[in-house]
Amino acid sequence: MAFCIPELFNQPNLMQNGTKKIGLLTSGGDAPGMNACIRAVVRTAEYYGHKVFGFYRGYAGLIENEMDALTSRSVSNIIQRGGTILQTARSKEFMTPKGMEEAYENLKAERIDSLIVIGGDGSFKGALEFNKRYPQISVIGIPGTIDNDLYGTDYTIGYATAVNTVVEALDKIRDTASSHNRLFFVEVMGRDAGFIALATGLSGGAEAILIPDPPTDIDDLVEALKDSYRRKKRSSLVIVAEGDERGGAIEISRMVKSKVPEDLFDIRVTILGHIQRGGAPCCQDRVLASRLGVAAVEALIDDKNAIMVGMKQNKVEYTDLEYAIKHNVTVDPEMIRIAKMLSL
Ligand code: F6P
C-alpha cells in the first residue's frame with residue numbers, strides 16, 4: 001500500500017482536536033528501540049491531536065518535574081539511535097508514598113492525565129502502584145528490556161538487537177578460541193532470565209548453556225566438556241546467564257577448573273556486560289517499538305488503563321499490568337532440547 005502525506009491527513013479517523021496530555025518516560029535498564037518507541041508515541045499522539053510531555057530519568061524526573069513538551073520535530077532522527085533520549089533510572093524514591101505524591105502534584109499542575117511507561121517488570125510495578133493511589137492518572141506499560149522476560153508479549157523492545165550483538169561477539173570469540181584450542185566461559189546479561197543465553201548459545205553453537213532454571217550441575221557440565229574433548233573438539237564456548245544460581249562466568253570457570261586435570265583445558269572468561277544494551281536497534285526492534293508506541297496511544301484513546309501493550313503472534317495484545325507483573329515467563333523446553341542435541 002502506498003501512501004503520501006496528504007492522503008494520510010484525509011483519513012476519516014484523524015482527530016486533530018484531541019485533548020489528552022500524556023506523560024512519557026523510560027525506566028529501568030535502557031534497551032535499543034526505546035527511542036523508536038518514544039518517536040512512535042509522540043507522533044501518534046500528535047496525529048490524533050494530543051500532547052506528550054517527556055520526563056527525564058524515569059520516575060526520578062517525574063518527582064523532580066524535569067520534563068519537556070515533545071513534538072514530531074523533537075523526535076526526528078532518533079529511530080536509529082540506541083539508548084533513550086529521555087534517559088532512564090531506577091528510582092527508589094518513587095516507590096514511597098511521598099515520592100508518588102510529589103509525582104502526582106507535578107502531573108496535576110500540568111494537567112497531565114495519563115502516563116506511558118516504557119520499561120520492564122520493576123517499572124510496571126511502580127506504574128501500577130501509582131495508578132492504584134491516583135486512579136485519575138491512567139497508565140499504560142510498553143515492554144522495553146533486553147531480557148525478554150515479560151509476560152504478555154512474545155518479544156520485548158531491545159531483545160532482538162541485544163541477541164544480535166551477543167552473537168556477533170560469540171563469533172569473534174569462537175575465532176580466537178579455536179585458534180588457541182581454548183575453553184571460554186562467556187557471561188551474558190539476564191539477572192533473572194535465561195532468554196538471551198539460550199538464544200545466543202544456540203545460534204553461537206555453544207557447547208553448553210547455563211541458565212537460572214533448570215539448575216546447573218557442575219559435575220554434569222565437567223562431564224559434557226570432557227566428553228566433547230574426547231570427541232576431538234578442541235575449543236568450546238560455555239554461555240553463562242549472569243543470573244545462573246551457581247554464579248557468574250568467573251565463579252563457574254573456577255569450579256570447573258578445580259574438577260579437571262590441570263592441563264586439560266586452557267580456560268578464559270569473557271563478560272560481555274553493558275555492550276549488550278547499546279547500539280543501533282535492528283529492524284525488528286524498530287518495527288516492534290513503532291507498533292507498540294502506536295498501540296499504547298490508541299489504547300489510551302480507547303480509555304484503557306493499567307494494561308501493558310504487547311505483541312503476540314504478530315498481533316497487538318493487552319494484558320492487565322497486575323497480571324503481567326505476577327506471571328513469570330519461562331524458557332521454551334524445546335529450545336533447551338535442540339540446543340543440547342546440536343552441541344554434539
Ligand atoms: O534489566 C536489564 C538488565 O540488562 C539485566 O539483564 C541486567 O542484570 C541489568 O539490567 C543490569 O543493570 P545495571 O545497568 O543497573 O547494571
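A residue is counted as near a molecule if one of its heavy atoms lies within 4 Å of it. In this predicted model, the ligand is surrounded in that sense by Arg90, Ile146, Asp147, Met189, Gly190, Arg191, Glu242, His274 and Arg277.

**Ligand site**

- Among the residues that surround the ligand are Asp147, Gly190 and His274, and each of these three is taken in turn here.
- Asp147 places a polar side-chain atom 2.7 Å from an oxygen atom of the ligand, while for His274 the separation between a polar side-chain atom and a ligand oxygen atom is 3.0 Å.
- Gly190 takes part through its backbone, one polar atom of which is 3.2 Å from an oxygen atom of the ligand.
- Taken on its own, the ligand has 400 Å² of accessible area, and the protein covers 77% of this.

- When neighbours within four places in sequence are set aside, the residues in contact with Ala103 are Leu62, Ile63, Phe94 and Phe130.
- Asn65 lies 38 residues from Ala103 along the chain, yet the C-alpha atoms of the two residues are separated by 7.4 Å.

Methods. Residues numbered from 1 in each chain as written. Predicted model: local features only at pLDDT ≥ 70, side-chain atom pairs only at ≥ 80, totals over all residues. Heavy atoms only, no water. Contact = heavy atoms within 4.5 Å. Polar contact = N/O pair within 3.5 Å; in protein donor to acceptor, adjacent residues only side chain to side chain. Areas by Shrake-Rupley, 256 points an atom, 1.4 Å probe, with all protein chains shown as cover.
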